[in-house]
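Student: I would like to learn how to read local features off a set of coordinates. Can we work through a case together?

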Amino acid sequence: MKQEYVLNQLKTLIGIDSPTGYYENVQNYLMKELEGMGFRPKHLRKGGVIVELGGEGNPLMMLSHVDTLGCFVHYIKGDGRLAISNQTLNPNNIETEHVRVITRDERVYEGTIQLANASVHVNDDVNSPRSFQNLEVVLDEDVASREDVEKLGICAGDVVAVEPRFVVTEKGYIKSRFLDDKASASVLLGIAKEVSEHPDCLKRNVWLFFTVYEEIGFGASAGIPDFIEDLLAVDMGCVGEHLSCTEKQVSICAKDNGGAYNRSMVKELLDVAKEKNIDYAMDIYPHYGSDAGAALRAGVDARHALIGPGVYASHGYERSHVDGLRQTFDLIAGYIMK
């Protein structure tokens with residue numbers, strides 16, 4: 001794995017706000033990066049980037065999503081605070097997070113998600129359960145009324161993007177929000193980089209698809225060419241109770257909440273992992289759906305499988321490891337390269 005390149009891409013992707021529905025900036029970045037490697041990517045009308053890497057026969061498309069968890073301004077309160085319309089965030093782990101409010105004309109305002117009336121010295125009910133009914137965005141602006149906020153150009157439907165807090169530790173642990181799924185997106189960029197430098201390395205026809213609506217269930221529901229025979233979702237591997245995967249491994253998923261993955265394709269991945277001495281785990285994810293599943297539900301006729309680096313605390317402040325990214329890269333390389 002081109003470790004420095006992959007980690008730099010991960011840091012860059014993490015730094016581009018892209019909560020579901022706000023995808024143009026990350027889409028444009030991917031287009032330019034892939035064009036710079038000599039490929040000819042295309043973007044879909046609904047958003048997302050597809051690109052052919054090359055090779056011949058038995059077409060495979062690998063899927064990774066670059067949309068992240070996020071929310072929106074619901075309405076402006078009388079005191080100038082912002083009520084939150086949730087899309088995918090968990091109210092229990094976003095309190096006190098720094099956010100950026102992005103208006104329709106791309107003005108950006110900083111703020112913090114706080115409990116309404118957050119001071120423990122004022123609020124007798126400061127330990128109440130958190131929900132999107134008692135959390136709010138406090139803007140870092142001199143505002144004290146709805147009218148003050150409206151003068152800034154903020155209105156209902158504006159994006160609220162949470163600060164990811166990206167860190168790579170000396171021991172190789174990667175801590176950040178949105179490793180789901182920008183960790184795997186960076187691995188796929190690393191694969192593209194490798195192919196661009198060694199164009200004859202592929203043993204089959206390979207495509208990439210970076211989707212932008214995965215977190216709400218229809219990322220890969222459109223845009224997959226009819227001739228694609230296999231779909232490989234490269235997403236996060238789960239780390240948690242009753243699962244064997246760690247952050248240092250690549251996870252191969254046998255089944256998620258949508259059902260079993262294609263038995264023959266999963267076996268092919270297992271055989272490569274064993275042959276190449278790749279550190280892997282096989283697990284079942286009880287609360288998980290992937291772009292591959294979305295594609296099949298939309299009617300795509302293809303085999304499907306799911307892999308990804310182990311990620312702990314999914315949909316929270318997540319943790320993975322450089323080794324997990326490397327094992328994922330090596331499994332993909334062993335599967336598609338000569």
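Student: Is I50 buried or exposed?

Tutor: This is a predicted model, and the assignment rests on relative accessible area. The cut-off for buried is under 20%. I50 counts as buried because its relative accessibility is 7%.

Student: Where does I50 lie?

Tutor: I50 is in strand β2, residues 49-54. Five of the six residues of β2 are buried, so the strand is largely enclosed by the rest of the structure.

Student: Which residues does I50 touch, leaving out those up to four places away in sequence?

Tutor: The contacts of I50 are P41, K42, L44, M61, L208, F209 and G223.

Student: How should I read strand pairing, and which strands pair with β2?

Tutor: Strands of a sheet pair through backbone hydrogen bonds, either parallel or antiparallel. Here β1 (residues 42-43) is joined to β2 by two bridges and runs antiparallel to it. Strand β12, residues 206-211, also pairs with β2 in the antiparallel sense, over five bridges.

Student: Which strands make up the closed barrel?

Tutor: The barrel has six strands, in the order β4-β5-β8-β7-β6-β9, with antiparallel pairing. From one strand to the next, the twist averages 45°. One of the pairs is β4 (residues 71-76) with β5 (residues 82-86), joined by five bridges and antiparallel. Within that pair, Y75 stands opposite A83 in β5.

Student: What does a parallel case look like, with β13 as the example?

Tutor: Strand β3, residues 60-65, runs parallel to β13, and four bridges join them. L60 has D230 as its bridge partner in β13. Strand β18, residues 303-312, is also parallel to β13, with five bridges between the two. There the bridge partner of A233 is L306 in β18.

Student: How many residues of β13 are buried?

Tutor: Five of its five residues are buried. Both faces are covered, with D230, L232 and V234 on one side and L231 and A233 on the other.

Student: Where is D235 placed?

Tutor: D235 sits in the loop between β13 (230-234) and β14 (237-239).

Student: Which other residues surround D235?

Tutor: Leaving out residues up to four places away in sequence, its contacts include D180, D181, S184, E214 and Y288, together with L306, I307, G308 and P309.

Student: Which backbone angles deserve a second look?

Tutor: Most residues other than glycine have a negative phi, and most peptide bonds are trans. In this model, the peptide bond from D180 to D181 is cis, with omega near 10°. D181 belongs to helix α4, residues 179-197.

Student: What is the phi of R165, and what is that of H315?

Tutor: R165 is not a glycine but has a positive phi of about 60°. H315 is not a glycine either, and its phi is positive at about 65°.

Student: Where are R165 and H315 found?

Tutor: R165 is in the loop between β9 (159-162) and β10 (167-168), and H315 is in the loop between β18 and β19 (318-321). R165 is partly exposed because its relative accessible area is 36%. H315 counts as partly exposed as well, at 31% relative accessibility.

Key: Residues are numbered from 1 along each chain as its sequence is written. This is a predicted model: local features need pLDDT of at least 70, side-chain atom pairs count only at pLDDT 80 or more; totals for chains, interfaces and linings use all residues. Side-chain values use heavy atoms; hydrogens and water are left out. Contact means heavy atoms within 4.5 Å. Buried means under 20% relative accessible area, exposed over 50%, partly exposed in between (1.4 Å probe, protein chains only). Two strands pair if DSSP finds at least two bridges between them. Axes are lines fitted to C-alpha atoms, for helices over the stretch in contact, and angles run from 0 to 180 degrees between N-to-C directions.
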